[in-house]
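Subject: Handover of a structure, with notes

Dear colleague,

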Amino acid sequence: MDINAAQVEEIVKQVLGSLSAPVTASASSSASREIPKTARVAVLTDLEKIELKEYPIPEIGDDDILVKVEGTGICGTDAHEYKRDPFGLIPVVLGHEGTGEIVKIGKNVKVDSAGKPIGLGDKIVTCMIFKDNPDITMFDLNKQNVGGADVYGLLPDDADHFKGWFADYIVIRGALGSTFFNVSDLDLDSRILIEPCAVLIHAVERAKTTGILKFNSRVVVQGCGPIGLICIAILKTMGVANIIAVDGNQGRLDFAKRLGATDSVNFQDYNGAEDMANGIAKKWDGHLADFAFQCTGSPVGHANIYKFIRNGGGLCELGFFINGGDATINPHFDICSKEITTVGSWVYTLRDYATTFDFLKSAKSIGLPLNELISDKYPLSKIDDGFKKNLAMTGLKIAIMADR
Ligand SMILES: [Zn+2]
């Protein structure tokens with residue numbers, strides 16, 4: 001095939017064009033980087049009461065970053081704060097599952113917490129874990145300055161105001177030593193889903209420590225809320241081929257199949273745990289699960305799941321993010337005589353957070369519709385409706401999006 005000079009020129013132009021595309025894109029968005037004098041934050045001023053308040057955007061120091069918020073997921077933690085304020089933070093600007101674009105950056109800030117270069121126009125997320133120490137998987141609100149950092153989105157409101165992601169802008173203060181990552185190579189929906197996905201990356205890492213979870217394992221995932229659904233997507237992305245999803249909602253079970261479950265069990269069709277165990281075994285030629293993930297916050301869900309696991313199998317319990325009450329099990333039949341290996345999982349490490357970025361890219365590349373986990377999007381001006389939708393538990397992940 002002959003290529004003439006004109007064609008070569010055209011190809012070079014195209015390649016250069018594609019190379020400079022991100023630059024052009026960020027240049028064209030520079031209009032949005034014209035920073036207003038004031039901006040809104042959504043302050044939780046009382047239980048179930050969020051007020052949008054307008055404040056001057058504070059000065060940005062040499063170690064600080066100003067981010068224009070694009071979108072933020074509502075976390076279970078946010079919902080608990082909204083309803084009961086268990087951490088005693090009111091008044092507070094909530095939102096820690098947020099992401100946005102850097103519109104102003106201090107001259108000392110050159111790299112993110114992973115050492116990746118960072119600059120104007122980059123998309124970032126913050127992380128509530130601030131030390132790469134496997135012993136620290138959770139911020140400690142009773143010792144707010146462990147490691148010299150604070151958690152954006154869970155800090156009481158003060159004169160600085162822009163400390164949570166439910167806002168037009170957020171200020172990342174370098175002095176606080178918080179962790180933040182350059183995630184410019186992820187699309188907006190993926191960036192909003194980073195935190196809940198990190199919880200599952202951690203759970204799967206915990207599951208792997210049992211030595212029981214293998215590529216060819218038969219795996220039960222019980223509970224198809226966002227947590228169980230993401231669990232299925234991670235297992236699928238890893239190459240685990242036999243996954244049965246368990247839930248009582250057929251719509252969620254159908255979605256579970258699109259995210260990688262090979263089969264599903266609707267507990268409404270069964271009469272108790274033994275019957276469900278038989279139903280699961282029937283789908284696997286008489287075999288029970290090698291491994292199970294318990295993703296419901298229901299004590300009955302915990303008590304039942306042992307029945308689904310074979311002798312010598314494993315269990316990861318991650319459904320009880322908060323105290324959901326006591327579960328009754330029979331230690332002889334459920335654990336001892338079956339020699340079940342159990343791990344618990346809670347939150348994630350800083351390393352899991354970084355692993356999550358790669359998982360989201362892999363999941364997208366094999367066509368898993370993870371973005372559909374975000375069932376509802378509300379503009380910041382309607383944040384109260386978003387929280388009400390979240391409390392009604394009729395959606396999956398609810399996100400609050402920029403409307404300025
Ligand atoms: Zn969260």
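The notes below go from the chain as a whole to its helices, its strands and a few single residues.

Please bear in mind that this is a predicted model, in which local features need pLDDT of at least 70 and side-chain atom pairs count only at pLDDT 80 or more, while totals for chains, interfaces and linings use all residues. Residues are numbered from 1 along each chain as its sequence is written.

The chain as a whole

The chain has 11 helices and 16 strands, where helices (H or I, at least four residues) and strands (E, at least two) are DSSP runs, numbered from the N terminus. Of the 404 residues in the chain, 44% are buried; a residue is called buried if 20 or more other C-beta atoms lie within 10 Å of its own, exposed if 12 or fewer do, and partly exposed in between, with C-beta atoms placed from the backbone. Two residues are in contact if their C-beta atoms, placed from the backbone, lie within 7 Å, and among contacts between residues at least 6 apart in sequence, 70% join residues at least 24 apart.

Helices

Helix H10 (residues 350-365) meets helix H4 (residues 194-208), their axes coming within 8 Å and crossing at roughly 105 degrees. Here the axes are lines fitted to C-alpha atoms, for helices over the stretch in contact, and angles run from 0 to 180 degrees between N-to-C directions. H4 and H10 are therefore roughly perpendicular to each other, given that angles under 35 degrees count as roughly parallel, over 145 as roughly antiparallel, 65 to 115 as roughly perpendicular and the rest as oblique. On the H4 side the contact involves Ile194, Cys197, Ala198, Ile201, His202 and Glu205, and on the H10 side Asp352, Tyr353, Thr355, Thr356, Phe359 and Leu360. These residues divide into 7 nonpolar, 3 polar and 2 charged, with Ala, Val, Leu, Ile, Met, Phe, Trp, Tyr, Cys and Pro counted as nonpolar, Asp, Glu, Lys and Arg as charged, and the others, Gly among them, as polar.

H10 also packs with helix H5 (residues 226-238), at an angle of about 75 degrees and with the axes 10 Å apart, which makes H5 roughly perpendicular to H10. Ala233, Ile234 and Thr237 of H5 make this contact with Phe359, Ser362 and Ala363 of H10, and by class it has 4 nonpolar, 2 polar and no charged residues.

In helix H7 (residues 273-283), Met276, Ala277 and Ile280 are buried. They cover an arc of only 105 degrees around the axis, taken from the directions from the helix axis to the C-beta atoms, and so they are on the same side of H7. Glu274 and Lys282, on the other side of H7, are exposed. The cover over the buried residues of H7 includes strand S9 (218-222), strand S10 (242-247), strand S11 (263-266), strand S12 (289-294) and helix H8 (299-305). Just after H7, Asp285 takes a positive phi of about 50 degrees.

Strands

An open sheet of 3 strands has the order S2-S1-S4 with antiparallel pairing, where two strands pair if DSSP finds at least two bridges between them. Strand S2 (49-56) and strand S4 (92-93) are its edge strands, each pairing on one side only. Strand S1 (residues 38-46) is joined to S2 by 8 bridges, and Asp46 has Lys49 in S2 as its bridge partner.

Elsewhere, strand S3 (residues 65-73) runs antiparallel to S7 and is joined to it by 4 bridges, with Ile172 in S7 as the bridge partner of Ile65. Along strand S7 (residues 169-172), Tyr169 and Val171 point one way and Ile170 and Ile172 the other way, and all are buried.

Single residues

Cys127 lies in strand S6 (residues 123-127) and is buried, with 25 other C-beta atoms within 10 Å. Not counting residues up to four places away in sequence, Cys127 touches Thr179, Phe181, Leu350 and Tyr353; the C-alpha atoms of Cys127 and Thr179 are separated by 5.4 Å, although these residues are 52 residues apart along the chain.

The peptide bond from Ile90 to Pro91 is cis, with omega near -5 degrees, and Pro91 is found in the loop between helix H2 (76-84) and S4.

With kind regards
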